[in-house]
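Q: Please take a close look at one part of this predicted model: the place where the two chains meet. Walk me through what holds there, and which parts of the chain take part.

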Amino acid sequence: MRYRVFACLVVTVSLLSSCKKDEPTTWESNWVAPLAHGRLTLSDLTADNGYTDNAGVYHLYFEKIISGFGTSDLTQIPDTNISQKFVVPITGGPFQIPGNTAIITQNQNYSVETNGTGLRMVKVKSGQMIVHVKSYVNAYLHPSFTLYNVSEVYGNNTDIDFALTPGSASAPTEGYYTIDMSNKYVVLSGTSGFDYNKLSTHLEIKTEQNTTADQNTIYGQDSVRFELLMSDIVIDYAKGYFGNDTYSFNETFNLAESANMPTGLLELDQASFGFHVTHKMGFDGKLKIDNVMGLNTYMNTGVQLTGGNLYNPFFITRSIDNGGTPSVSNYDINLNEGNSNITSFMGSLPYSVLFTGSLQLNPFGNVSDGNDFFYSDQLTEAKLVVDVPLRLAASDLTLRDTLNVEVTTDAVRVSSLTLDIQNAFPMEWKLNLTTLGGAIVATDLNVPSGNSIDALALASSSTLVIPISEAQWNAIKSEGKLIMQVISNTPSFPQLVNLYNSYFVDMRVKAGVVLNAEIQ
Amino acid sequence: MRKIILAAAFILVGGLTFAQTSYLWLTKSDTTGKVFRGILDLQGSATVGSTFLTTELVKPFVVGGTVTAEARNSVLAGMTDLGILGGNANVRARYYGGRDSLFGSEMLDLYIQVGKGYFGSGRISKDAFGLLSNGNANYQGSRVPLNSIQGEMQGFQSIGFGIYDKRTFSSIGISMVNGLTYQQFSLFPPSSFYTSPNADTLQLDYSGEYVHSANPRPNGNGIGFSIDGEYNFVRDRGEDKKEVWNTLGIRNLGWVNWNGQSQVVSFDSTFTWTGVDLNGILNGDSLLNGTSGFADTLITSSQNVSFWRPLRGSFYVRSVYRWNEKVRLTAGLEMFAAPMKPLATLGIMYMPKKNCIISMNISNGAYGNWKLGMGVQWLIANQFYFGFQTSNLPGYFFKEAKEMSASLQVSYLFKTKKKDNE
């Protein structure tokens, strides 16, 4: 009987333990879901770098500020430390000096560093000046320091008073005074009124008024040291002579960054280029453009823009200060299809434009007698303008873009992409998709040309189905990118077609998704 | 002919269901009520069944592995409209007292019992199951209602006592129930999932509620009671007569008050997905950006409430007809609350010896549809009782089967006073 009971227990335990779960439960289901939709117009495709003319034709339009001639390029007052010792003009001693007796009186012009330019007056936007005084005199002193023509009101002075207790050679007494220079006018024409970079000051040192002679013991050649520390001075307005140095500029601006510049053959019509200078500063100048080069780094080619008077130097005439409002003078260089190679220049599909040149200040010297000027908020400006009406012919014009495909889960696998496309552009497209590693996902998927008549947009419909294998999906997922290449061809190249702003591409992207569910 | 008529009658009204009093006990007892001086009875059972889920599909959820498309499509092909699924696992220990009398009656005594059980059931429509299991690829241009989806799961412990008749094992008892966990998920109209004809729009309407108790803890999350009872009576008793044992019973009929930490989460909103803006992709957004954002848009409101919920109880009837010395015919009917269907059972018991029963039955209802059950009961040395039963034997052998169950009962009958005549 015991055997029977034991057998029953064994059977029971075996049955109960047979349900142990050794691996997760998984299953796949197939879903289809919209991924993206939208209408792409020329504005979208060119990142809004364009406009529509009266005829409805869309223009690519790029504008680049080449240089704002910064105030620091012309002149600046760097951080400066001016130190000077003043000596009691007597010999011998000791002398008992009663109170309120002047022992040192002196006018002084300090030279201010200005990076090579000659300034007669500035208005400071911000910064500070610290006046530091050290007394080695065994007396109660009252130094009075005057900064002539330094004030928020033009022509007024700044007075600084100190009260110093007796000092000694080994233990001088000190005083500090900090001046906020914001919005202060600083006249730098010295005591003569015709100098440059001279800060005019007056110093008077007396014994303290309410002291007695036995409190003030002075020896001949006792000294008091003054320091002026100017820091973080930013000039808001300057007047003087800015010299005749030459400034070079070398700038590159990227067209493809903002407009996804394609590759291939592109015939254009009536493109234009402009170089415009707006001069608002009080100096003469000679401006010369040395080179305007369109660079296509993908094709490793470069085309120089030529034509007209582009590379001839031209002079810009000083502005006139009308009571705080400088006069404005404009200088323009305009190139078009008739006087330059601008069409072929843009037809070379430059990714970037290199621009080099120079500006010489005051090529005729100090003809203003120290009356050059600038306002920091009204600077001379130069800009490049490229205007390309999209009247074009394209042959294998190839646009390449990288799509982000960030997938953080293994539960989802895209098994297909379906693109429903309505194309109103008068060009046929071929679509290629590759992984970042170069593996082909889809190739030569054809989108037929639209049926638009002039500005009347009439779209053709097409559906592209792109199967994606598990291996392709794994590559896309690990790389996180998908390379899309669109090859465009207009009919009867090089016959030109107008691209109107009414043209569009409507696209819906659907994905077939395999959902891998897993339960531990 | 009379036997055939009787057999047909039992098919209609009688049956054998495990966890009801063993026929061997009934037949071993007598009118003195003094055959046994106490019984310790241990029972355990587990069942997983459905009207549509096959063992092929369910097996990976139990032992792991891949749920194949073939299994899912096979299930879908076999579904009509609404599918029901469920399962339970229970253990119970009961001790029938062996005292001489109770309340002055020698025929009555007490029993005490402890138990633990889990129960779950749910329902889902064919289309909703197809959507969830296979995806929406086959549902483009249609709206799949989801309001058919409902599920409930409850777990509880119980301890109780009752009075039983030593002659017939008729009993009535009450148990205190300690609610362990309660989960109920229901979707209401207009819950649905819509896929536009060209799959450029997905729309999920979700309206429903999720009711759940607090996280399981030893002291439980609710308290209640349940009643078990059984009335057994015999007609034409005696070995030389066409003896019929009849049973009327209730099982696990009760309610639990789930405490105030329980939560009702309601949701009612619409989520529409048409993909991201194409310009965003050209500007560097990820092609799959936003597809995982549904959780962020799920709008719910919740409140903590205390509530009563019934336990998953049942009523049952059973009859066992003594066909001849070695053959008994059985029939039974058990009624459950929705979504479970009434369970009708009919079967045959073969008794090669008087202490051994081999049974077979066919039944329809409860979690599933038709099933073929088998069982064996054995009273060893008039003291040890062993019973094993499955309500659907094919569930262990055929992947198309839709129910698996196993029940085990082990008992010890104390100090048998009446000499067994096996």
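A: Start with polar contacts. Across the interface of chain A and chain B, 15 residue pairs are in polar contact, both partners at pLDDT 80 or more.

Which elements of chain A face chain B? At least two residues each come from α1 (2-17), β1 (25-41), β28 (391-404) and β35 (504-519) of chain A. β1(A) gives the most, with 16 residues on the side that touches chain B. By class, that side of chain A has 21 nonpolar, 9 polar and 12 charged residues.

Charge pairing comes next. The rule finds 1 salt bridge across the interface of chain A and chain B. A:R508 and B:D200 form it through their side chains, at 3.6 Å from N to O. That distance meets the cut-off, which is within 4 Å.

Now back to β1(A), this time for strand pairing. β1(A) is joined by 2 bridges to strand β2 (residues 65-66) of chain B. The two strands run parallel. A:T25 has B:G65 in β2(B) as its bridge partner.

Finally, the extent. In all, 42 residues of chain A are in contact with 45 residues of chain B. Interface size is often given as the accessible area lost when the parts come together. Chain A and chain B bury about 3700 Å² between them. Carbon and sulfur atoms carry 65% of that buried area.

Note on methods:
Residues are numbered from 1 along each chain as its sequence is written. Chains are lettered from A and ligands numbered from 1 in the order in which they are written. This is a predicted model: local features need pLDDT of at least 70, side-chain atom pairs count only at pLDDT 80 or more; totals for chains, interfaces and linings use all residues. Side-chain values use heavy atoms; hydrogens and water are left out. Contact means heavy atoms within 4.5 Å. Buried area is the accessible area (1.4 Å probe) that two parts lose on being put together, summed over both. A polar contact is a pair of N or O atoms within 3.5 Å; within protein, one must be able to donate a hydrogen and the other to accept it, and residues adjacent in sequence count only if both atoms are side-chain atoms. Helices (H or I, at least four residues) and strands (E, at least two) are DSSP runs, numbered from the N terminus. Ala, Val, Leu, Ile, Met, Phe, Trp, Tyr, Cys and Pro count as nonpolar, Asp, Glu, Lys and Arg as charged, and the others, Gly among them, as polar. Two strands pair if DSSP finds at least two bridges between them.
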